[in-house]
Amino acid sequence: MKIGFIGLGIMGESMCENIVKKHDDTVYVFDFVKEKADLLAAKGAVACRDSVELAKVSDVIISMVPKSEHSKAVYTGILEVLDSTKTCIDMSTIDPSVSVKIAEMVKKTGAGFIDAPVVKSKPAAVAGKLGIYVGGDEETYERMRPILLYMGENVKHMGENGKGLVMKICHNALVSQIQNGVNETIALAARNGISLMDYGEAVSYGGGQNFYLDSKKAFLDAEDYTTAFSVENMAKDVSICMKLADECGFSMPGEQAVWGVYEKAMEAGYGNEDFCATIKIVKR
């Protein structure tokens, strides 16, 4: 089974590298930045000149691109070479409603399609220990599960097309609200003479302990905003959440407050920094 991988950014590069290391057949790659494809080619993949060439020679086509419009462009671009012998896996984090439309478009060719967005950040991508939420029919999910397990250790089928993305957006909305609570209480503690590291240890003794604080407290204390997952990417996910809630007629005042923080972080030019850099906005 030949696999093609489109989109070799911060996450896609390491996800694809795990496939190259673990899969026993050819892995084709494409990215608009040629150097990124060349890097994977040096590790055993075969670089393609564009997505269409990749889709022609691949049995499974995986995409990991930034936004809804990019996913739509990928699948519109390769539509003419899809058929019942191929399966598409979009691992991008995009609007669920857009993903459902892409799935409908792809499935009309006879090809299979699942959405399979990931959780956790770069270190987990490198280690092949991502969490993956899947939307699509059960049969396609079961066939693609071994490939997904090259990249993640926890893979869960959430339901029909689009449901993997709904779960991803709910997950990241929860993370964003936990983050905002951590930021606000760190700032309050600091104004009352409590250091960040003392705060972190004290929180670990009670019900407020959380993965975000445990994994980020040393970086926050050092004011190290080296990017594992960017402000820009989380801002996109928060925006998708607000749109999804609006489509459902559901009010999320907590997430609305988070969105205000992310808007200010983007305006301040923090978009390329790690998403923990939002603390600079809250402290201010």
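Tyr 212, Phe 229 and Phe 275 form one aromatic cluster, where rings of Phe, Tyr and Trp (its six-membered ring) pair if their centres lie within 6.5 Å, and planes under 30 degrees apart count as stacked, over 60 as edge-to-face and the rest as tilted. Please keep in mind that this is a predicted model, in which local features need pLDDT of at least 70 and side-chain atom pairs count only at pLDDT 80 or more, while totals for chains, interfaces and linings use all residues. Residues are numbered from 1 along each chain as its sequence is written, and side-chain values use heavy atoms, with hydrogens and water left out.

By the ring rule, the count comes to four aromatic pairs. In one of them, the rings of Tyr 75 and Phe 113 have centres 5.5 Å apart and planes at 85°, so this pair is edge-to-face. Tyr 75 sits in helix α4 and Phe 113 in strand β6 (residues 112–115), 38 residues apart; helices (H or I, at least four residues) and strands (E, at least two) are DSSP runs, numbered from the N terminus. Tyr 75 is buried, with a relative accessible area of 0%, and Phe 113, at 1%, counts as buried too, the term meaning under 20% relative accessible area, with exposed over 50% and partly exposed in between (1.4 Å probe, protein chains only).

Tyr 212 and Phe 275 make another edge-to-face pair, 5.6 Å centre to centre with 70° between the planes. Tyr 212 belongs to helix α10 (residues 211–222) and Phe 275 to the loop between α12 and α13 (279–283), so the pair ties together parts 63 residues apart in sequence. Both Tyr 212 and Phe 275 are buried.
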